[in-house]
Amino acid sequence: MMYEKFVDGKKNEVVFILHNVIEVRIPKKIYEKYRRNYSDEEIISFCPHKNIYNAITKRKLYYITKESGVPLIGHTAFGIIDRGTNLLQVRPCTGCNLNCIFCSVDEGKSRTRVTDYMVDVDYLVEKFEEVADFKRKHCKNGIEAHIDGQGEPFIYPYIVELIRKLSKIADVVSIQTNGILITKDMIKRLEGYLDRINLSINSMDEKMAKVLAGVPTYNLKHVLEIAEEIAVSQIDLLIAPVWVPGYNDEDMKKIIEFGNKIGAGKKWKPFGIQKYIKYKFGRKPKGVKEMNFKVFYKKLEEMGEGLRLYPEDFGIVKCKSLPKKFKVGEKLKVKIEMEGRMKNEMLAFERDRVIQITETNKKVGEYTNIRIIRNKHNIYVAEES
Ligand code: SF4
């Protein structure tokens with residue numbers, strides 16, 4: 001196990017940072033007691049008095065294993081999302097190393113997200129296989145595993161293992177990333193397993209790139225080098241900027257020039273320009289006027305051919321969804337099992353699905369009556385009734 005260890009004198013805790021992201025804190029007194037009979041690895045794994053955090057975001061972290069009994073369908077923050085096509089979203093963890101000013105999920109230093117999750121790699125792959133087997137029976141095209149999430153998937157310590165294991169099950173494996181944590185060596189290790197990287201490059205100007213990323217340490221040079229490295233590898237490169245009006249209008253053409261020069265899009269489309277969209281719990285950069293879709297598509301057409309994307313460009317077809325387990329309006333009594341991603345949100349598990357209960361004051365272990373208010377794509381939201 002790769003970890004660093006130190007003592008937090010202020011809190012009197014022994015702190016282990018595993019793989020640069022999982023922070024395990026154990027009261028010093030308890031650690032000293034255990035240390036007489038157990039190794040650090042054993043203490044980290046089995047000590048019942050530990051608290052776990054995401055070392056990057058500093059939020060409480062739930063590490064989800066098969067034994068934990070947490071279902072992997074039902075929440076948008078972790079597990080598998082089936083939106084009724086042959087593409088399944090695979091979400092191994094939450095949390096991000098950047099802090100983009102337009103982030104739709106308010107990641108990095110968040111005002112709205114209070115909890116992080118990380119799923120054990122074998123549990124995630126096992127669930128993916130189960131869902132993919134179901135989808136295959138109803139689908140004429142192959143199954144794509146698209147790794148994305150509410151955050152940056154490359155902070156997941158087992159990302160290479162996850163990709164390699166998914167490649168044995170899925171017909172296509174793709175991933176969305178900001179590229180900061182990708183190394184040249186990693187690209188080599190992923191060749192032959194990963195089919196496409198959707199890489200966010202939002203500006204070709206160093207200063208603007210830092211502004212958009214929301215962190216002064218953002219390294220554009222590194223991301224551009226990684227883009228070149230991907231383009232010459234066996235992995236396909238799709239450059240996916242978010243167009244934030246008033247910030248990076250001039251950059252779109254430059255990004256296209258760069259992508260064409262380095263050979264993005266060997267198999268699929270080279271660019272996936274996304275429109276900035278204001279979300280209720282996302283970030284809203286100062287002074288930005290959201291473009292409507294009509295204007296956005298017109299501008300894409302003016303910039304060049306093939307910039308507007310369609311599901312067919314990626315072989316995405318409709319495909320029967322997993323059966324829903326709850327109807328909208330259905331009432332049930334549930335036990336609160338875990339803290340939710342947002343303040344005043346709690347999670348319950350029923351019929352192998354996660355249910356997000358919003359605006360509740362209930363604590364873990366308590367029971368409550370709820371009414372399902374959303375079940376689209378097997379993502380369940382409920383309110384107390
Ligand atoms: S890289 Fe993505 S998840 Fe991270 S802050 Fe930026 S937009 Fe949000």
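**Figure 1. Residue composition of the lining of the second largest pocket.** In this predicted model, the lining of the second largest pocket comprises 11 nonpolar, three polar and two charged residues. The lining is formed by 16 residues in total. Those that lie nearest the centre of the pocket are His-19, Phe-154, Tyr-156, Pro-157 and Met-186. The volume of the pocket is about 340 Å³.

**Figure 2. Helices and domains that contribute to the second largest pocket.** At least two lining residues come from each of helix H4 (159-167) and helix H5 (184-190). The contribution of H4, three residues, is the most to this lining. Because domain 1 (3-55) and domain 2 (65-314) both give residues to the lining, the second largest pocket lies between them.

**Figure 3. The shell around the ligand.** The residues that surround the ligand are Cys-96, Leu-98, Asn-99, Cys-100, Phe-102, Cys-103, Gly-151 and Asn-178. Five residues of this shell are nonpolar and three are polar, while no charged residue is present.

**Figure 4. The surroundings of Ser-203.** Ser-203 is located in the loop that runs between strand E11 (196-199) and helix H6 (206-213). Ser-203 has a relative accessibility of 0% and therefore counts as buried. The side chain of Ser-203 makes a polar contact of 3.0 Å with the side chain of Asp-251. A polar atom of the Ser-203 side chain also lies 3.0 Å from the backbone nitrogen of Asp-205.

How values were computed. Residues numbered from 1 in each chain as written. Predicted model: local features only at pLDDT ≥ 70, side-chain atom pairs only at ≥ 80, totals over all residues. Heavy atoms only, no water. Near = heavy atom within 4 Å. Nonpolar A, V, L, I, M, F, W, Y, C, P; charged D, E, K, R; others polar. 1 Å grid on protein atoms, 1.4 Å probe; cavity = no way out; pocket = protein on both sides within 12 Å on 5 of 7 lines; lining within 4 Å. Points joined across faces, edges and corners; volume = space filled by probe spheres on them. Helix = DSSP H or I, 4+ residues; strand = E, 2+ residues; numbered from the N terminus. Domains from an automatic or database assignment. Buried < 20%, exposed > 50% of the residue type's maximum accessible area, 1.4 Å probe, protein only. Polar contact = N/O pair within 3.5 Å; in protein donor to acceptor, adjacent residues only side chain to side chain.
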